[in-house]
Amino acid sequence: LAHRLFEILPALDAGVRDHAAGKIIRSQGDVNEKDAAQVFQEVKMVLGQLALGRLFAPNALAEIPVNGVVSGIGVAGQIDRLHVDKTSVLFADFKTGQRPPGPPPLTYQRQMALYGALLQQIYPAHQIEGWLIWTEDASIQEVTQEMCAAALAEFGDFL
């Protein structure tokens with residue numbers, strides 16, 4: 001539900017978001033009303049974060065499939081939000097639930113490292129930056145280049 005709301009609501013004027021969200025929520029038969037209301041409040045809180053403006057700009061993209069080869073292994077995934085300008089690429093993945101203390105879990109570091117590696121192939125001259133967005137507290141957690149390099153090195157150990 002959160003991903004669907006993040007996909008659709010940013011393209012709408014703020015004045016119609018609540019109405020549209022209600023329609024989306026009603027179409028989700030597997031989410032009870034209390035949980036749906038909580039998810040919607042978290043989504044609204046994230047959408048209100050000024051630091052995330054580029055990810056929700058009119059030229060940002062949502063739910064972008066990405067695939068290719070990293071370290072000789074086929075990789076396929078879906079990027080939740082993507083913003084590309086002349087010199088940089090910012091991509092984000094939304095995580096529901098509570099942000100764990102410390103650095104992102106290794107599985108998320110791997111996911112973001114692989115997405116970043118694929119994006120670097122597409123945009124070789126751009127600065128690539130990846131963020132995890134935790135919906136429960138609307139926090140941003142950068143997945144640094146160092147984390148990505150370590151995750152990719154460890155990923156190579158599985159080959």
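A: Two strands count as paired if DSSP finds at least two bridges between them. The model is predicted, and everything below is a reading of that prediction.

Start with the hairpin of S1 and S2. These two strands pair in the antiparallel sense, and 9 bridges join them. The hairpin has 2 residues between its strands. Serine 71 in this hairpin takes a positive phi near 55 degrees. Valine 70 has isoleucine 73 in S2 as its bridge partner.

Stay on S1 for a moment. Glutamate 63 sits in this strand. Its phi is also positive, at about 50 degrees, although glutamate 63 is not a glycine. Is glutamate 63 buried or exposed? The cut-off for buried is under 20% relative accessible area. Glutamate 63 has 17%, so it counts as buried.

5 strands make up an open sheet, in the order S1-S2-S3-S4-S5, with mixed pairing. Its edge strands are S1 (61–70) and S5 (139–143), each of which pairs on one side only. On average, neighbouring strands of this sheet are turned by 40 degrees against each other, direction ignored. As a general point, strands of a sheet pair through backbone hydrogen bonds, either parallel or antiparallel.

Next comes the step from S2 to S3. Strand S2 covers residues 73–84 and strand S3 covers residues 88–95. They run antiparallel and are joined by 4 bridges. Across this pairing, histidine 83 stands opposite leucine 90 in S3.

At the other end of the sheet, look at the loop between S4 and S5. Alanine 138 has its place there. Here again a residue other than glycine has a positive phi, near 55 degrees for alanine 138. Alanine 138 is buried, with a relative accessible area of 7%.

What lies across the strands? Helix H4 (106–122) does: it lies across S1, S2, S3, S4 (127–134) and S5. Helix H4 runs at about 85 degrees to S1. The helix has 17 residues and reaches 24 Å from its first C-alpha to its last, close to the 24 Å expected at 1.5 Å a residue. Its buried residues include Met112, Ala113, Leu114, Gly116, Ala117, Leu118 and Leu119.

The structure holds 5 aromatic pairs. One of them is stacked: phenylalanine 56 and phenylalanine 94, with 6.3 Å from centre to centre and 5 degrees between the planes. This pair links distant parts of the chain, 38 residues apart. Phenylalanine 56 lies in the loop between helix H3 (33–47) and S1, while phenylalanine 94 belongs to strand S3. Phenylalanine 56 counts as buried at 12% relative accessibility. Phenylalanine 94 is buried as well, at 3%.

A second pair brings S3 and H4 together. The rings of phenylalanine 91 and tyrosine 115 have centres 6.5 Å apart and planes at 65 degrees, so this pair is edge-to-face. Phenylalanine 91 is in strand S3 and tyrosine 115 in helix H4, so the pair ties together parts that are 24 residues apart in sequence. Phenylalanine 91 is buried, with a relative accessible area of 2%. Tyrosine 115 is buried at 8%.

What does its side chain make a polar contact with? The partner is the side chain of aspartate 93, at 2.7 Å. Neighbours within four places in sequence aside, lysine 95 is in contact with Tyr108, Gln111, Leu132, Ile133, Trp134 and Thr135.

How values were computed. Residues numbered from 1 in each chain as written. Predicted model: local features only at pLDDT ≥ 70, side-chain atom pairs only at ≥ 80, totals over all residues. Heavy atoms only, no water. Axes fitted to C-alpha atoms, helices over the stretch in contact; angles between N-to-C directions. Contact = heavy atoms within 4.5 Å. Phe/Tyr/Trp six-rings, centres within 6.5 Å; stacked < 30°, edge-to-face > 60°. Buried < 20%, exposed > 50% of the residue type's maximum accessible area, 1.4 Å probe, protein only. Polar contact = N/O pair within 3.5 Å; in protein donor to acceptor, adjacent residues only side chain to side chain. Expected span 1.5 Å × (residues − 1).
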